[in-house]
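Take a walk through this protein with me. Keep the model open and find each residue as it is named.

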Amino acid sequence: MNPSPFDVNPLDEATNFLYPFIDAHESDAEALMVDLTKSALAKAADSAALRQSTVRAGATLIAEAAREISRRFAAGGRMFTFGNGGSSTDAATMAALYSLPPSGRPLPAWSLATDEAVLTALGNDVGFDLVFARQLIARASEGDIAVAMSTSGNSADLLLALREAHGRGLYTVGFAGYDGGAFADNPDVDVCFVVESQSVHRIQEAQAYLGFQLWAAVQEGIQR
């Protein structure tokens, strides 16, 4: 007898390609563990290869951005990072790397996505698209640095913040995936790092590695 459409979870088919083992009817636990191990190792290898190829492809941009960011920090500039969803946590991690580094010189950096009172007030009062732009208006000055992190490069609130930052004389850095989206070839983005992948997971892993390499290059520039 065919199952009723009400007995079928519509999300099953949509998520099976991401998590093929969740609904697997595997009675052999050892075979299942072998499959899981193979899958994890394949993903780890893909991630490592993408991280390395992305950093190699972006070596010139990393050096270029590090020189300008180092110059601005040395002149008293500050860094503001921002993003949405998972990218907001990546932005917070980047800000913490600069302000509370594992080694080297602490540098002034803040994530604009970490204050829930400010975010919800701005979202409620002026609209979510302006939650980062309005913070930059209040806090940023010419000579500072703005870093926007995104997987798509198309988020309206990030694009508006980058426009505001660029217009105020901040050095603007974009991290994006896929083909770079609206971040790429954007006059409001001084330098754009693009992770060419179709996987959100791999994009964010590569962006984290790119961000670390940029921080290391900035530390080297500051100490010269």
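Phe183 is buried, at 1% relative accessibility. Buried means under 20% relative accessible area, exposed means over 50%, and partly exposed lies in between (1.4 Å probe, protein chains only). Phe183 sits in the loop between β4 (171-177) and β5. Strands like these are DSSP runs of E with at least two residues, helices are runs of H or I with at least four, and both are numbered from the N terminus. This is a predicted model, in which local features need pLDDT of at least 70, side-chain atom pairs count only at pLDDT 80 or more, and totals for chains, interfaces and linings use all residues. Residues are numbered from 1 along each chain as its sequence is written, and side-chain values use heavy atoms, with hydrogens and water left out.

What does Phe183 touch, not counting residues up to four places away in sequence? The list includes Ala148, Ser150, Leu158, Leu162, Phe175, Val189 and Cys192. Contact here means heavy atoms within 4.5 Å. Ala148 is 35 residues from Phe183 along the chain, and their C-alpha atoms are separated by 9.3 Å.

Now move to Gln207. This residue belongs to helix α8 (residues 200-222). Gln207 is buried, with a relative accessible area of 0%. Beyond its neighbours within four places in sequence, Gln207 is in contact with Met149, Ser150, Phe175, Ala176, Gly177 and Val195.

Step back to the whole chain. The protein has eight helices and five strands. From the N terminus on, their order is α-α-α-β-α-β-α-α-β-α-β-β-α. Of the 224 residues, 39% are buried. Take the contacts between residues at least 6 apart in sequence: 69% of them join residues at least 24 apart.

Next, the rings. Rings of Phe, Tyr and Trp (its six-membered ring) pair if their centres lie within 6.5 Å; planes under 30 degrees apart count as stacked, over 60 as edge-to-face and the rest as tilted. By this rule there are five aromatic pairs. One of them joins Phe73 and Tyr98, with 5.9 Å centre to centre and 35° between the planes, and is tilted. This pair links distant parts of the chain: Phe73 is in helix α3 (residues 59-74) and Tyr98 in helix α4 (residues 86-99), 25 residues apart. Phe73 is buried at 3%, and Tyr98 is buried at 0%.

Why is the pair of Phe80 and Trp110 stacked? Their ring centres are 5.8 Å apart and their planes lie at 25°, so the pair counts as stacked. Phe80 is in strand β1 (residues 79-83) and Trp110 in strand β2 (residues 109-111), 30 residues apart. Phe80 is buried, with a relative accessible area of 0%. Trp110 is partly exposed, at 36%.

The largest pocket holds about 190 Å³. A pocket is an open set of points on a 1 Å grid over the protein atoms alone, where a 1.4 Å probe fits, with protein on both sides within 12 Å along at least five of seven lines; lining residues have an atom within 4 Å of a point. The volume is the space filled by probe spheres set on the points, which are joined across faces, edges and corners. Among the lining residues are Leu50, Thr54, Leu61, Cys192, Phe193 and Glu196. Helix α2 (29-57) and strand β5 (191-195) are the elements that each give two or more residues to this lining.
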